[in-house]
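Please look over the sequence and the model shown here before reading on.

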Amino acid sequence: MSVEGITTNIQRCSTEDGPGIRTTVFLKGCPLSCVWCHNIETIDPAPQLVWHSGRCIADLACIKVCPENALSLISDGMKIDRTLCTVCGKCVEVCPTTAMEMVGTEWDVDVLVQELLKDKVFFDTSGGGVTISGGEALFQLDFSVKIAKGLKKEGVHVALDTCGYGSEGTLNKILSVVDMVLYDLKIIDSQRHKNATGVPVERVLDNARIIAAWGKPVWIRTPVIPDYTDDEANIRAIARFIIEHMPNAERYDLLAFNNMCIDKYALFELEYPLREVPLVPEEHMERLAHAAREEGVANVCWSGMTRREDNRSTNIQDQEEESCHG
Ligand code: SF4
Ligand code: SF4
């Protein structure tokens with residue numbers, strides 16, 4: 001098998017990554033470093049070793065097999081010395097409980113396409129398909145293009161989920177083989193965008209115009225992150241950009257922040273920077289959606305966990321909501 005690309009996950013039966021029932025394939029590697037990133041395992045393009053404390057039975061098989069002496073069991077748990085670890089995977093092979101896990105699966109494209117086609121009956125009956133996501137799908141451009149071509153050959157609808165941070169040539173290459181785009185517009189002000197994601201926004205906006213020129217259907221998405229993206233001025237600015245530059249936008253999704261990725265960060269010995277940030281109030285999501293509609297965007301939806309604050313008590317109720325208005 002030739003290794004042509006690397007993924008972190010294949011998520012089946014997704015209903016949020018494009019039309020119908022979809023299988024979303026998450027590619028590894030991303031050029032952005034969003035403060036609120038929920039898929040921390042997709043940032044690094046290379047495979048990474050992680051240890052799940054709850055699964056470990058401490059039989060030390062991993063420590064015994066490691067040729068680099070990179071592992072030690074200390075009072076805090078298994079310590080992985082990443083300066084010594086060569087990510088050879090031997091500890092994963094001998095671990096009896098999957099406590100040792102290699103994040104990142106290497107694929108030959110044909111094998112991956114066959115794997116994705118296992119869900120074709122669901123795509124055909126629901127108007128769904130496959131969504132290529134990440135990380136950033138443009139980061140492994142050739143891999144993404146080959147996946148899309150392999151699926152298109154079998155009549156499968158393919159969506160690209162992208163943050164838009166790639167060259168014009170890169171974007172044109174993938175746009176020629178996908179059916180639609182899920183496009184992130186997070187912040188319109190360039191300095192704020194850079195502070196929050198590590199990169200300025202100009203290329204993202206230029207690429208949005210290129211996608212518009214292709215005329216392919218686009219769903220725009222904004223993660224609503226307290227103190228980063230959640231002010232009405234930002235949402236109104238994004239909405240005006242959509243109206244002025246993206247006539248191909250079929251809907252605009254506002255995705256409410258949550259901090260359910262805290263445990264994932266712990267696997268990588270990291271602390272989620274927004275761990276103490278509360279959920280967004282439902283009323284605020286409604287307000288932002290209303291503001292986008294006022295700017296003229298026709299189909300605005302919001303979804304995600306929110307909190308309801310009872311004026312006469314301190315009760316906070318979490319809930320999962322989706323609200324769409326044409
Ligand atoms: S991946 Fe290889 S080098 Fe790294 S800890 Fe495991 S056995 Fe050791
Ligand atoms: S081999 Fe697995 S179960 Fe055994 S000590 Fe290592 S991580 Fe724990």
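Predicted model: local features only at pLDDT ≥ 70, side-chain atom pairs only at ≥ 80, totals over all residues.

Residues are numbered from 1 along each chain as its sequence is written, chains are lettered from A and ligands numbered from 1 in the order in which they are written, and side-chain values use heavy atoms, with hydrogens and water left out. The secondary structure of the chain consists of 11 helices and 14 strands, where helices (H or I, at least four residues) and strands (E, at least two) are DSSP runs numbered from the N terminus.

**Overall form**

- Along the principal axes, the C-alpha atoms fill a box of roughly 65 × 55 × 40 Å.
- Of the 326 residues in the chain, 50% are buried, a class that means under 20% relative accessible area, with exposed meaning over 50% and partly exposed lying in between (1.4 Å probe, protein chains only).
- Among the contacts in the chain with a separation of 6 or more, 70% join residues 24 or more positions apart, a contact being heavy atoms within 4.5 Å.

**Nonpolar cores**

- In soluble globular proteins, nonpolar side chains tend to be buried together.
- The largest nonpolar core holds 77 residues, and those with the most contacts inside it are Leu151, Tyr183, Leu185, Tyr252 and Leu254; such a core is a set of buried Ala, Val, Leu, Ile, Met, Phe, Trp, Tyr and Cys residues joined through side-chain atoms within 4.5 Å.
- Helix α5 (residues 141-153) gives the most to this core, contributing six residues.
- Apart from this core lies another, of 12 residues, which include Leu49, Ala70, Met78 and Met100.
- When neighbours within four places in sequence are left aside, the contacts of Tyr183 include Thr162, Cys163, Gly164, Val204, Ile211, Trp219 and Arg221.

**Ligand shells**

- Ligand 1 is surrounded by Leu49, Cys66, Pro67, Glu68, Leu71, Cys85, Thr86, Val87, Cys88, Gly89, Lys90 and Cys91, where a residue belongs to the surroundings if one of its heavy atoms lies within 4 Å of the molecule.
- The shell around ligand 1 divides into eight nonpolar, two polar and two charged residues, with Ala, Val, Leu, Ile, Met, Phe, Trp, Tyr, Cys and Pro counted as nonpolar, Asp, Glu, Lys and Arg as charged, and the others, Gly among them, as polar.
- Ligand 2 is surrounded by 14 residues, of which the closest are Cys56, Asp59, Leu60, Cys62 and Cys95; by class, this shell has 12 nonpolar, one polar and one charged residues.

**The loop between β3 and α1**

- Arg55 is placed in the loop between β3 and α1 and is partly exposed, with a relative accessible area of 37%.
- The C-alpha atoms of Arg55 and Thr98 are separated by 6.9 Å although the two residues are 43 residues apart along the chain, and, leaving aside neighbours within four places in sequence, Arg55 is in contact with Thr97, Thr98 and Ala99.
- Ala58 is found in the loop between β3 (48-51) and α1 (61-65), and its phi is positive, about 55 degrees, although it is not a glycine.
- Leu60 lies in the loop between β3 and α1 and, although it is not a glycine, has a positive phi of about 65 degrees.
- Ala58 counts as partly exposed at 44% relative accessibility, and Leu60 counts as partly exposed at 33%.

**Other local features**

- Gly18, in the loop between β1 (5-14) and β2 (22-27), counts as buried at 3% relative accessibility and touches Leu182 and Trp219, not counting residues up to four places away in sequence.
- A cis peptide bond, with omega about 15 degrees, joins Gly134 and Gly135, and Gly135 is in the loop between β8 (129-133) and α5.
- Helix α11 (residues 282-294) has as its buried residues Glu282, His284, Met285, Leu288, Ala289, Ala291 and Ala292, and is followed by Gly296, whose phi is positive, near 115 degrees.

Technical notes:
Expected span 1.5 Å × (residues − 1).
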